[in-house]
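I opened this notebook to keep track of what I looked up, entry by entry. The sequence and the structure come before my notes.

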Amino acid sequence: MGYKVVVVGATGNVGREMLNILAEREFPVDEIAALASRKSLGTEVSFGDKTLKTLDLDAFDFTGWDIALFAIGSDATKTYAPKAAASGCVVIDNSSLYRYDPDVPLIVPEVNADAIHGYSKKNIIANPNCSTAQMVVALKPLHDRAKIKRVVVSTYQSVSGSGKEAIDELWDQTKGMYVPGQELAPSVYPKQIAFNVIPHIDVFLDDGSTKEEWKMVAETKKIIDPSIKVTATCVRVPVFVGHSEAINIEFEDFLDEEEARDILREAPGIMVIDKRENGGYATPVECVGDFATFISRIRQDSTIENGINLWCVSDNLRKGAALNAVQIAEVLGQKVLQKG
């Protein structure tokens with residue numbers, strides 16, 4: 001006996017990817033519904049070798065359904081997630097709405113799967129920010145060995161993190177650089193993204209950081225350890241899919257780079273590609289469509305007493321969003337619902 005699963009926001013990048021991954025990982029589905037807003041009603045989406053027509057989110061009754069994967073913005077989630085949860089359907093939410101709620105577990109299954117049991121307070125589980133998800137997968141096994149004091153991270157985030165309009169803007173601006181008359185002014189981003197980098201993701205806060213940077217700090221503390229100090233600089237780059245991060249880690253105890261490499265090789269969800277030669281490292285192009293978080297450039301930081309540098313790359317539509325949500329559903333099934 002399997003699960004009755006709902007994907008909310010099924011026509012968006014993340015929603016479509018959720019359907020793909022549910023099929024790829026052979027999640028035990030008895031029945032599946034693809035929901036979208038009324039303007040997308042009837043749009044066809046793929047689920048394995050099946051084609052689903054989207055249903056109207058406004059009119060949908062969640063009663064009797066087991067799990068709802070939400071891939072819509074915070075405003076819409078605020079309206080529909082409580083309705084689904086109140087009907088007995090467990091919500092796994094990809095928006096930022098519930099991430100910092102103390103009564104809602106924030107889960108990366110390779111890191112804190114046991115937090116799943118906290119779902120029952122609101123019948124809701126939160127999926128972390130894409131940039132946080134891949135980083136904590138890398139940090140947790142190292143933290144277990146040497147205890148992390150401080151993390152300095154700079155991100156190189158793809159435009160797919162901003163949705164389909166951002167992908168189109170990068171594509172059209174790039175063409176416009178070479179085709180007279182097809183130049184495109186920025187609209188999704190405050191500056192040109194083609195052949196450029198923008199050190200600004202989400203809104204600015206009073207202390208000069210952006211909301212994206214704040215998310216990485218707050219979420220790392222909630223998922224791994226509140227004592228870890230984190231400082232982040234988040235940058236949008238002209239890459240379609242795949243987030244990259246340069247991470248500097250300071251530990252309480254000494255950790256040799258060789259041991260760090262061995263720990264990461266054995267850690268769940270990680271693929272180490274780290275040869276000190278041309279091309280001996282992972283880049284976003286290689287990670288697209290893959291489930292793993294790729295780690296490269298592992299090396300000692302000689303400027304601090306107990307420091308390691310590394311490079312972390314992942315498909316942000318997968319591990320940063322859809323894959324992590326499906327993995328949470330798998331943990332929910334195994335540890336709690338136990339139907340599949």
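Predicted model: local features only at pLDDT ≥ 70, side-chain atom pairs only at ≥ 80, totals over all residues.

Entry on the surface. I found that Met177, Tyr178, Val179 and Phe195 form a nonpolar patch, with about 450 Å² of accessible area together. I looked up Val179 in particular, which sits in the loop between α5 (164-176) and α6 (211-223), and its relative accessible area of 33% makes it partly exposed.

Entry on the sheet. I traced an open sheet of six strands in the order β5-β2-β1-β6-β7-β8, with parallel pairing. The edge strands, β5 (55-56) and β8 (124-126), each pair on one side only. Helix α9 (residues 318-337) packs on this sheet and touches β1 (3-8), β6, β7 and β8, and its direction makes about 160 degrees with that of β6. Within the sheet, β6 (residues 67-70) and β7 (residues 90-93) run parallel and are joined by four bridges, and I noted that phenylalanine 70 has aspartate 93 as its bridge partner in β7.

Entry on two buried residues. Glutamate 330 lies in helix α9, and I list this residue as buried because its relative accessible area is 16%, while buried means under 20%. Leaving aside neighbours within four places in sequence, glutamate 330 is in contact with Arg25 and Phe27. Isoleucine 270, in strand β12 (residues 270-272), also counts as buried, at 12% relative accessibility. With the neighbours within four places again left aside, isoleucine 270 has contacts that include Val137, Pro141 and Ile295.

Entry on salt bridges. I counted 22 salt bridges and looked at a few of them. Lysine 175 pairs with aspartate 172, the closest N and O atoms being 3.8 Å apart; both residues lie in helix α5, three residues apart, about one turn of the helix. In the pair of arginine 276 and glutamate 257, the closest N and O atoms are 3.0 Å apart. That pair links distant parts of the chain, with arginine 276 in the loop between β12 and α8 (284-287) and glutamate 257 in helix α7 (residues 257-266). Which of these two partners is buried and which is exposed? Arginine 276 is exposed, with a relative accessible area of 63%, whereas glutamate 257 counts as buried at 14%.

Methods:
Residues numbered from 1 in each chain as written. Heavy atoms only, no water. Pairing = 2+ DSSP bridges. Contact = heavy atoms within 4.5 Å. Axes fitted to C-alpha atoms, helices over the stretch in contact; angles between N-to-C directions. Patch = residues over 30% accessible without salt bridge, like charges linked within 9 Å, V, L, I, M, F, W, Y side chains within 5 Å. Areas by Shrake-Rupley, 256 points an atom, 1.4 Å probe, with all protein chains shown as cover. Salt bridge = Lys/Arg side-chain N within 4 Å of Asp/Glu carboxyl O. Buried < 20%, exposed > 50% of the residue type's maximum accessible area, 1.4 Å probe, protein only.
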